[in-house]
Amino acid sequence: MILLSPEQHTDYELIDTGGFEKLERFGPYILSRPEPQAIWDKSLSEAEWEKRSNAIFKRDKNSQEKGQWIAKDGMPDKWVFQYRTNTLHLRSKLALSSFKHVGVFPEQATNWDYIAKKLKQIPETKPSVLNLFAYTGIASLAAKASGADVTHVDSVKQVISWSRENMELSGLDNIRWVVEDALKFVQREVRRGNQYNGIILDPPAYGRGPDGEKWLLEESLNEILKLCALLLKKENFFFIINLYSLGFSALIVENLIKAHFGTQIHHEFGELFIPDSFGKNLPLGVFSRFSDQNV
């Protein structure tokens, strides 16, 4: 089991964590928002957090997820985040949502790099990639920018529109957008006999499909992974799964991957994290990934 953290980049910084909150910089703006795993004390004072923050998320009294942002003068509702490396230059619209999210999960940058690396190793003109529970689509952009034919699946129409904006901001085109329950889509793709070089999953702990379909991670993860094993090509392939659900062990993911993809694959599994500027490591979910490329 390994720990993975993305390389630091200019448009993101985790400044401080603690008191069930995190203080982050996205581009020029600093945000304070809830973080249930930051159970330790803050390194900076409450006054310093207040002084530095351009916007602070306050939960509604009767909700663990919903709330509202208290923004200072000069804080826009929307702005642009950039992720730039030697091989990728991705741009994404960020926004202050009522669910504390802003449109990007910076800990996933290590997987964006992995996607780009693995696609460059696949000796096909246009490898096919399926991104399930794809949210605002940064992983889809990484795949498209690396030469893949990308199918992007999410159950929320507004999120698909957001993803399309990100594609255009990044100077890309021709991603296939699918507004559908991910499990239903995968079941249909298996019946059609379709297969993909790369599959990416980032399922929530719970959710609803466009027709009210119920998704519970612990009830449906085994089934969708079983189907994904049928959709993944037998050569020139890669697979990534991320889970952010409190109490969901990386060992559970390891057992599922071995059960459905075999014990002969060499896969990485463990936790994603980001260190804050004071050296405290914030855990941000478990992952597993593997490919048939040894490099």
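The structure is a predicted model, in which local features require pLDDT of at least 70 and side-chain atom pairs count only at pLDDT 80 or more, while totals for chains, interfaces and linings use all residues. Residues are numbered from 1 along each chain as its sequence is written, and side-chain values use heavy atoms, with hydrogens and water left out. Helices (H or I, at least four residues) and strands (E, at least two) are DSSP runs, numbered from the N terminus.

An open sheet of 5 strands has the order S2-S3-S4-S5-S6, with mixed pairing; two strands pair if DSSP finds at least two bridges between them. Strand S2 (12–18) and strand S6 (67–71) are the edge strands, each pairing on one side only. From one strand to the next, the twist averages 20°. Between S2 and strand S3 (residues 21–26) the pairing is antiparallel and extends over 6 bridges. Thr17 is placed opposite Lys22 of S3.

A further open sheet contains 8 strands in the order S1-S16-S17-S15-S12-S9-S10-S11, and its pairing is mixed. Its edges are strand S1 (2–4) and strand S11 (176–179); each has a single partner strand, so one side of each is left without a neighbour in the sheet. Neighbouring strands are turned by 20° against each other on average, direction ignored. Strand S16 (residues 267–275) and strand S17 (residues 281–291) run antiparallel and are joined by 8 bridges, and His267 stands opposite Phe290 in S17.

Helix H3 packs on this sheet, where it touches strand S9 (128–132), strand S10 (149–154) and strand S12 (198–201), and the direction of H3 makes about 170° with that of S10. Helix H6 lies across S9, S12 and strand S15 (238–243), and runs at about 170° to S15. Axes are lines fitted to C-alpha atoms, for helices over the stretch in contact, and angles run from 0 to 180 degrees between N-to-C directions.

Two packed helices are described by the angle between their axes and the distance between the axes. Helix H2 (residues 109–121) packs with helix H3 (residues 138–145) at an angle of about 25°, the axes being 9 Å apart. This angle makes H2 roughly parallel to H3 (under 35 degrees counts as roughly parallel, over 145 as roughly antiparallel, 65 to 115 as roughly perpendicular and the rest as oblique). Contact, meaning heavy atoms within 4.5 Å, is made by Trp112, Ile115 and Leu119 of H2 and by Ile138, Ala139, Ala142 and Ala143 of H3.

Helix H6 (residues 217–231) and helix H7 (residues 250–261) pack at about 40°, with their axes 9 Å apart. H6 is therefore oblique to H7. On the side of H6, the contact is made by Leu221, Asn222, Leu225, Lys226, Cys228 and Ala229, and on that of H7 by Leu256, His260 and Phe261.

Side chains of opposite charge can pair when their charged atoms come close. The structure holds 14 salt bridges, each a side-chain nitrogen of Lys or Arg within 4 Å of a carboxyl oxygen of Asp or Glu. One of them joins the side chains of Glu48 and Arg52, with an N to O distance of 2.9 Å. Both Glu48 and Arg52 belong to helix H1 (residues 46–52), where they are 4 residues apart, about one turn of the helix.
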